[in-house]
Amino acid sequence: MYALVVYESMYGNTKAVAESIAEGLAGALRAEVAEVATAPDVVGADVGLLVVGGPTHAFGLSRVSTRQSAAQQAEGGPLVSGGRGVREWLAALRTSSAALDAAAFDTRVARPRMPGSAAQGVARRLRRAGVRLACPARSFYVEGTLGPLVPGELDRAREWGESLARARTVPAA
């Protein structure tokens, strides 16, 4: 069994967080990272932990319209995730294992009392898909819409991955 980390990222911040989470997981179990466009719609019994995350757009999960807005804000720069988003992937998600645990994360602007969280939407959709949540949703912070990540967030993501791995009983493959 292994851990699968699926992410959606516009400007690269959420991708960096996903990779750091996978690094933390890799100390105890095999971890693979997949951008949402390449993530499998069917998560098989060989996956023991599914970690899913995306950027917070308009107080929640991205939609086609918010991804178009993100592309405009990138001012012609390339987007990491240009196709479907986590919202659409979760709507198509099928699992074949009753033993699958999951965790949700997001990136969001570091402003006090800023409402909304993509991670909360991910967690709700994972529960609806019949997946157990291994822990509460987690947010990682960026300094502005385009980033960069707040200093220390990649270390915090790696540590969170380590704690997820410690909580799992999945043997390393």
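The buried residues of helix α4 pack against β4 (47-55), α3 (86-92), β6 (101-109), β7 (132-133) and β8 (138-142), where contact means heavy atoms within 4.5 Å. The model is predicted, with local features requiring pLDDT of at least 70 and side-chain atom pairs pLDDT 80 or more, whereas totals for chains, interfaces and linings use all residues. Residues are numbered from 1 along each chain as its sequence is written, and side-chain values use heavy atoms, without hydrogens and water.

Helix α4 covers residues 118-128, and its buried residues are A118, A119, G121, V122, A123 and L126. Buried denotes under 20% relative accessible area, exposed over 50%, and partly exposed in between (1.4 Å probe, protein chains only). The N-terminal end of α4 is capped by S117, with a side-chain oxygen 3.2 Å from the backbone nitrogen of A119. Just after α4, G130 has a positive phi of about 85°.

The protein as a whole contains five helices and eight strands, in the order β-α-β-β-β-α-α-β-β-α-β-β-α from the N terminus. Helices (H or I, at least four residues) and strands (E, at least two) are DSSP runs, numbered from the N terminus. The protein is as compact as a globular protein of its length, because its radius of gyration of 15 Å is close to the 16 Å that the globule rule gives for 173 residues. This radius is taken over C-alpha atoms, and the rule is 2.2 Å times the number of residues to the power 0.38. Of the 173 residues, 47% count as buried. Among contacts with a separation of 6 or more, 81% involve residues 24 or more positions apart.

Definitions and conventions: A polar contact is a pair of N or O atoms within 3.5 Å; within protein, one must be able to donate a hydrogen and the other to accept it, and residues adjacent in sequence count only if both atoms are side-chain atoms.
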